[in-house]
Amino acid sequence: AGAKDGFCSFFLSCPAGCALRCWLWAGRWRKEARPEPADRQDLLGRINFCRFENCIDPVDESVELAIEIEEVQQITKTGHPTETTGGALPSPIRGSKGADLD
């Protein structure tokens, strides 16, 4: 089943043996990623993440996407999990016309 009319979906594809707890951002909308749909365990995200029109930047008509990783776990070849705790990553640098970002 796809998204409702006017809504957008947001997904990540995770390799086998990887468990990820994270938050997805589209514009100002933030939601926790979850396995969805149930028959696709390699996908994390949301089918009806938000209304598409509400996540578009009205100035340049773009959509800024971000991932906030809280925890990652990967099963190693020996069968033991390894765990990494993350945090919010710094926001991307947005320059204005004529700005020198070097």
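**A few notes on this predicted model**

1. Let's start with Glu61: with a relative accessibility of 68%, Glu61 counts as exposed. Bear in mind as you read on that this is a predicted model. Glu61 sits in the loop between strand E5 (43–51) and E6. Its backbone is worth a look, as Glu61 has a positive phi of about 55° without being a glycine. For context, most residues other than glycine have a negative phi.

2. Next, the aromatic rings. The count comes to one aromatic pair. The ring centres of Phe10 and Phe49 are 5.5 Å apart and the planes stand at 70°, so this pair is edge-to-face. The two partners come from distant parts of the chain, 39 residues apart: Phe10 belongs to strand E1 (residues 7–13) and Phe49 to strand E5. Both Phe10 and Phe49 are buried.

3. Two rings also have a charge over them. The charged end of Lys31 sits over the ring of Phe49, 5.8 Å from the ring centre. Likewise, Arg30 places its charged end over the ring of Trp23, 3.9 Å from the centre of that ring.

4. On the surface, you will find a nonpolar patch formed by Phe52, Val63 and Leu65, with about 260 Å² of accessible area together. Leu65 is part of strand E6 (residues 65–75). Its relative accessibility is 53%, which means Leu65 counts as exposed.

5. Finally, have a look at Gln74, which is also found in strand E6. Gln74 has a relative accessible area of 46% and is partly exposed. Although Gln74 and Gly17 are 57 residues apart along the chain, their C-alpha atoms are separated by 5.5 Å.

Key. Residues are numbered from 1 along each chain as its sequence is written. This is a predicted model: local features need pLDDT of at least 70, side-chain atom pairs count only at pLDDT 80 or more; totals for chains, interfaces and linings use all residues. Side-chain values use heavy atoms; hydrogens and water are left out. Patches are made of residues with over 30% relative accessible area and no salt bridge: like charges are joined within 9 Å, nonpolar side chains (Val, Leu, Ile, Met, Phe, Trp, Tyr) within 5 Å. Accessible areas come from the Shrake-Rupley method with a 1.4 Å probe; for residues, only the protein chains shown count as cover. A salt bridge is a side-chain nitrogen of Lys or Arg within 4 Å of a carboxyl oxygen of Asp or Glu. Helices (H or I, at least four residues) and strands (E, at least two) are DSSP runs, numbered from the N terminus. Buried means under 20% relative accessible area, exposed over 50%, partly exposed in between (1.4 Å probe, protein chains only). Rings of Phe, Tyr and Trp (its six-membered ring) pair if their centres lie within 6.5 Å; planes under 30 degrees apart count as stacked, over 60 as edge-to-face and the rest as tilted. A charge sits over a ring if NZ of Lys or CZ of Arg is within 6 Å of the ring centre and within 35 degrees of the ring normal.
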